[in-house]
Amino acid sequence: MKNLIPLSAILLAAAVCADPADPQISNVRLAQNGVSRRVTVKYDLDEAAVVTMDVLTNGVSIGGANVQAVGGDCFKKVAAGNDHVVEWDPYLSWPDQKFGAGVVSVRMTAWALDNTPDYMAVDISAAAQPNTQTYYPAADFVPGGVTNSIYKTTKLLMRKIMAKDVEWTMGSTTLETKRNATREATHQVKLDGNYYIGVYGVTQAQWDLIQPSRLAPSYFNNAADRAMRPVEQVCYNEIRNAANSTTANTAHDWPNDPNPSSFLGKLRTKTGIDDFDLPSEAQWEFAARAGNGDTKWGDGSGILNADKDENLDLLGRYERDGGKVQNGTSYANPAQSCGATNGTAIVGSYAPNAWGLYDMHGNVWEWCLDWYAD
């Protein structure tokens, strides 16, 4: 029993394309304070939706990284109504820029509640309140960028996976060395819904915020930056079925809801998101492959079918690339913040796959929701 998998909130969604029946924004008004340079946007919304904003000069976006320091009714769920207000402080995220007359506009977008944006950030800090998650239409809009340490400590950053009705090949082929043909036979799979999955594996710090009575145990408690390393000493039982690793409670086996005292039970209560769970094996593998076929790694590079694969070296650790070996004393590139006494790498130390998910090809094993079977 090793470690916790990236969490996934299963959210069924409609097609990504806008539909005439989708929520509509109207009567958008833009003003700027001549002294503070603060920009105020007001708008009307005909039904509840997630609302996002982009800023354009001469019709061209200034880029999501510059649309930060935004407050009010934006990047979150907003109720229907008129005169919603958004405040943007451009001097904090777009410094030394000036607006010329008539060249600046904002693009307000309303996302149906069953088709929310690509990224969701969920606050799990000590002061977090339920149902306050925020949403962003692309990676560059995520405050501080997806590699910001807050998404490895006090927030969970989730990526939407568009999987509904996509048919794909699950399992491994004979092109992959060390495969187990019985356990990993190829077969066609079609998932029935889209879902969010964690950009990173759940870290020691994140576990401790949710389950403080059972601080995340680790082989590497004395490691530098322990907080941002993945949980690797918790079992399935305490993730979902019970408050600890010794109490069995099959009444909470999937598809039943998690035990309220388990990590997932407490996470649901704290965040107000009742769909938080482990991903199924098929959801996990679909996300790991990131749209690539069975001859490719998750970033699209080829599987070299060798004990040491230079393409895989960039994505994760494994025995043959100098990662952790059987005696536990030899690790991957020291630049990855690893060492003989440090163990696991900080989440996100390796390159992401094509969908911006980290460590899907290695660092620690990751739990899935469903059962083991040949």
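Is phenylalanine 286 buried or exposed, and what is its relative accessibility? At 6% relative accessibility, phenylalanine 286 counts as buried; here buried means under 20% relative accessible area, exposed over 50% and partly exposed in between, with a 1.4 Å probe and protein chains only.

A word on the model before the views. This is a predicted model, where local features need pLDDT of at least 70, side-chain atom pairs count only at pLDDT 80 or more, and totals for chains, interfaces and linings use all residues. Residues are numbered from 1 along each chain as its sequence is written, and side-chain values use heavy atoms, with hydrogens and water left out.

**View 1. Phenylalanine 75 pairs with tyrosine 136.** Rings of Phe, Tyr and Trp (its six-membered ring) pair if their centres lie within 6.5 Å; planes under 30 degrees apart are called stacked, over 60 edge-to-face, and the rest tilted. By this rule the count comes to 8 aromatic pairs. In this one, the ring centres are 5.3 Å apart and the planes sit at 35°, so the pair is tilted. Distant parts of the chain get linked here: phenylalanine 75 is in the loop between β6 (70–72) and β7 (76–78), while tyrosine 136 belongs to strand β11 (residues 134–136), 61 residues apart. Helices (H or I, at least four residues) and strands (E, at least two) are DSSP runs, numbered from the N terminus. Both phenylalanine 75 and tyrosine 136 are buried.

**View 2. Phenylalanine 286 meets tryptophan 355.** Their ring centres are 5.4 Å apart with the planes at 50°, so this pair is tilted. Phenylalanine 286 lies in helix α5 (residues 281–289) and tryptophan 355 in the segment after α6 (310–313), so the contact ties together parts 69 residues apart in sequence. Tryptophan 355 is partly exposed, its relative accessible area being 23%.

**View 3. An open sheet of 4 strands runs in the order β2-β3-β8-β6.** The pairing is antiparallel, and two strands pair if DSSP finds at least two bridges between them. At the edges are β2 (25–32) and β6, each pairing on one side only. Zoom in on strand β3 (residues 39–45) and strand β8 (residues 81–88), and you'll find 6 bridges joining them. Among the partners, tyrosine 43 bridges to histidine 84 in β8.

**View 4. Two buried cysteines, cysteine 74 and cysteine 235.** Cysteine 74 comes in at 7% relative accessibility, and cysteine 235 at 8%. The structure holds 0 disulfides (pairs of cysteine sulfur atoms within 2.5 Å).
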